[in-house]
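Work through the exercises below with the sequence and the model open. Try each task before you read its solution.

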Amino acid sequence: MSRVGKKPISIPKGVEVSVQGSKILFKGAKEQKELETYGRVQIHLQDGALSFACVDSQAQSRAYWGTYRALANNIVVGLSQGFTKVLEINGVGYKASISGKNLEMALGFSHPVIYPIPAGVEMSVDKNTITIKGADKQQIGQIAAEIRKFRPPEPYKGKGIKYSDEMIVRKAGKTSKK
């Protein structure tokens, strides 16, 4: 049984929540989001807290219970605080810069890698770090993964793009016989 689904979500100041049938509407200072539950869970909004309950006792219903609670909590946290991912660029000559609505990266290819910055996402570059900020947790994680995919870190010298909290397991290089 889900333990996550039991916890109510406290609604912080600056975020408005309303329930319309099986839809939950969230309104923050800058953005509006909605979560469609398709009637898979019961939604209760009272005293500044949002809680969920199972529709029946089947295993699938209990799974939806925890999933929709986690999705709703991610929306509330995203609208109130936001989410951040930090990427590091390591390697001689590897660099990044922002020009207009694009992220331009020199990653050792014969051409610059250009990544268009989507709407609702803020990016900043400081020396060898790329910071991605936004309200949608899934979108921020996806963008970070796509940028990392251009040049993932290699295990010998550690060159490439990695998450700031990622540990690269280094391998020993070739050794010569004597």
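**Exercise 1: Charges over rings**

Lys 85 lies over the face of Tyr 163, 5.3 Å from the ring centre. This is a predicted model, in which local features need pLDDT of at least 70, side-chain atom pairs count only at pLDDT 80 or more, and totals for chains, interfaces and linings use all residues. Residues are numbered from 1 along each chain as its sequence is written, and side-chain values use heavy atoms, with hydrogens and water left out.

Task: Which ring does the charged end of Arg 151 sit over?

Solution. Start with the rule: NZ of Lys or CZ of Arg must be within 6 Å of the ring centre and within 35 degrees of the ring normal. Then find the ring. Arg 151 has its charged end over Phe 109, 4.3 Å from the ring centre.

**Exercise 2: An aromatic pair**

Task: Classify the pair formed by Tyr 115 and Phe 150 as stacked, tilted or edge-to-face.

Solution. Step one is the cut-off. Rings of Phe, Tyr and Trp (its six-membered ring) pair if their centres lie within 6.5 Å; planes under 30 degrees apart are stacked, over 60 edge-to-face, and the rest tilted. The structure holds 2 aromatic pairs. In the pair of Tyr 115 and Phe 150, the centres are 6.2 Å apart and the planes make 75°, so the pair is edge-to-face.

Step two is the location. Tyr 115 is in strand E10 (residues 113–116) and Phe 150 is in helix H2 (residues 137–150), 35 residues apart. Helices (H or I, at least four residues) and strands (E, at least two) are DSSP runs, numbered from the N terminus.

Step three is exposure. Buried means under 20% relative accessible area, exposed over 50%, and partly exposed in between (1.4 Å probe, protein chains only). Tyr 115 has 10%, so Tyr 115 is buried. Phe 150 has 31%, so Phe 150 is partly exposed.

**Exercise 3: Around Leu 45**

Task: Which residues does Leu 45 contact, leaving aside neighbours within four places in sequence?

Solution. Leu 45 lies in strand E5 (residues 41–46). Its relative accessibility is 37%, so Leu 45 is partly exposed. Contact means heavy atoms within 4.5 Å. With those neighbours set aside, Leu 45 touches Val 17, Ser 18, Val 19 and Leu 50.

Follow one contact further. Ser 18 is 27 residues from Leu 45 along the chain, and their C-alpha atoms are 7.8 Å apart. Ser 18 has Leu 25 as its bridge partner in E3.

Conventions
Two strands pair if DSSP finds at least two bridges between them.
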